[in-house]
Amino acid sequence: MKGENTSSERLKFIKPSAIRRMIDLSAGMRDVIHLEQGEPDFITPPHILEAAKKAMDEGFTHYTHTPGTLELREAVSEKLSRENGIDVDPKTEVIIVSGTQETMAIAALAFLNPGDRALVLEPYYPAYFEDTLIAGAVPIPVPLNREEGYRVDLEELEKRVDSRTKLIWMCSPSNPTGHVFTREDLETIVEVAKKHDLLIFSDEIYEKLIYDDARHISIGSLPGAEDRTITVNGFSKAYAMTGWRIGYVAAKGALAREINKLHYYMVLCPSSISQKAALAALTGPQDCVERMRQEYERRRRAVIKELERIPEVYFVRPKGAFYVFPDFSRFEKDDENFAKELLNKTHVCTAPGSGFGESCKGHLRISYSAPYESVVKGISKIVEFLEKKIN
Ligand SMILES: Cc1ncc(COP(=O)(O)O)c(C=O)c1O
């Protein structure tokens, strides 16, 4: 049969997603509580839906410019300047993409040569690692200091840089841990990037989902980072728009030009209708974002409260996104087995930690983007299951 032998060399290194594996395993099971996926349960707010309907009714159904409509790029540029302290020219330095995910493959292919190295702050979002491999480059995980809330360690970064290192992948607020980098963390990353002339890929898709005293800072706004940072963001999480496949990237000068070149050959242009929806999202009322954030916060409190009942489970209190990343290794070192056991015995589906880096073995990622009742029921079942193991 054609397939395995016909695939390219580069595909041989690519791992299928551990989350997908869990979803496949749960297919056909009854009454499964899904806490494995980072998918807002909300429907896209009505004024955004209306803008898309209007676009369709008015026949806005054609290709747009490759980097997106100028009106949307202008809205993105204004937002970045107002909220993030990033100044980019909407005509040449903002590109609307078909979901933030697209930019990872593009950045890897545009800026990494075979044999180059890219630092990946670990725990990491898996696409950074796999896209580096797709480009023929070498992903170099850099462990964050878990005991200090996933702080960035200058020494750990420095000792992994060599003459082939080209880029740093980072995400804050983080998937899978929910940590939010402080200004000091970001300054450390910039210091290393400046010293060794590295690019920074900053994924800020969870910027609106922030709790407690945390504050989101865009690394691209820090001195020395402006010209070397590729800032990516999207509408999927803040506006519950995962299915619209729409996001954006901002970068200075030649960086944006190179990204746009590949963007053309990958998608030609993003969906015209989704662009109208995204424009309504950015320029319309923002109270919907805050309402959703407050609901995630309610779920987060419930998850933390339950998990705190089991002192054998270590976790860093998440301050952003909608994930918690507990370490269950006191119960089971093999997280894949543990996730399967949980699924089979409690019908709660979670994401195995090792998919987010070698050092994450024994962890599970639990998402609280599901409805409140499911989250509460799911986490209680996990805690009950652990209590039985203890007694
Ligand atoms: C960190 C991170 N970046 C990007 C994405 C993908 O976003 P988009 O829907 O904009 O492609 C996700 C989705 O879960 C994510 O967690």
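## Helix α7

Let's start with α7, a helix covering residues 183-196: its 14 residues reach 20 Å from the first C-alpha to the last, close to the 20 Å expected at 1.5 Å a residue (the expected span being 1.5 Å times one less than the number of residues). Helices here are DSSP runs of H or I with at least four residues, strands are runs of E with at least two, and both are numbered from the N terminus. Keep in mind that this is a predicted model, where local features need pLDDT of at least 70, side-chain atom pairs count only at pLDDT 80 or more, and totals for chains, interfaces and linings use all residues. Residues are numbered from 1 along each chain as its sequence is written.

Within α7, the buried residues are Asp185, Leu186, Thr188, Ile189, Val190, Val192 and Ala193 (buried means 20 or more other C-beta atoms within 10 Å of a residue's own, with C-beta atoms placed from the backbone). Their cover includes α6 (154-158), β5 (165-171) and β6 (199-203).

## Two domains

The protein chain splits into domain 1 (9-44 + 287-390) and domain 2 (62-283), with bounds from an automatic or database domain assignment. Their centres, taken over C-alpha atoms, are 25 Å apart. Where they touch, domain 1 puts in 33 residues and domain 2 puts in 34 (contact means C-beta atoms, placed from the backbone, within 7 Å). On the domain 1 side, α10 (287-307) and β9 (323-324) each supply at least two residues, and α10 gives the most, with six.

Technical notes. Two residues are in contact if their C-beta atoms, placed from the backbone, lie within 7 Å. A residue is buried if 20 or more other C-beta atoms lie within 10 Å of its own, exposed if 12 or fewer, and partly exposed in between; C-beta atoms are placed from the backbone.
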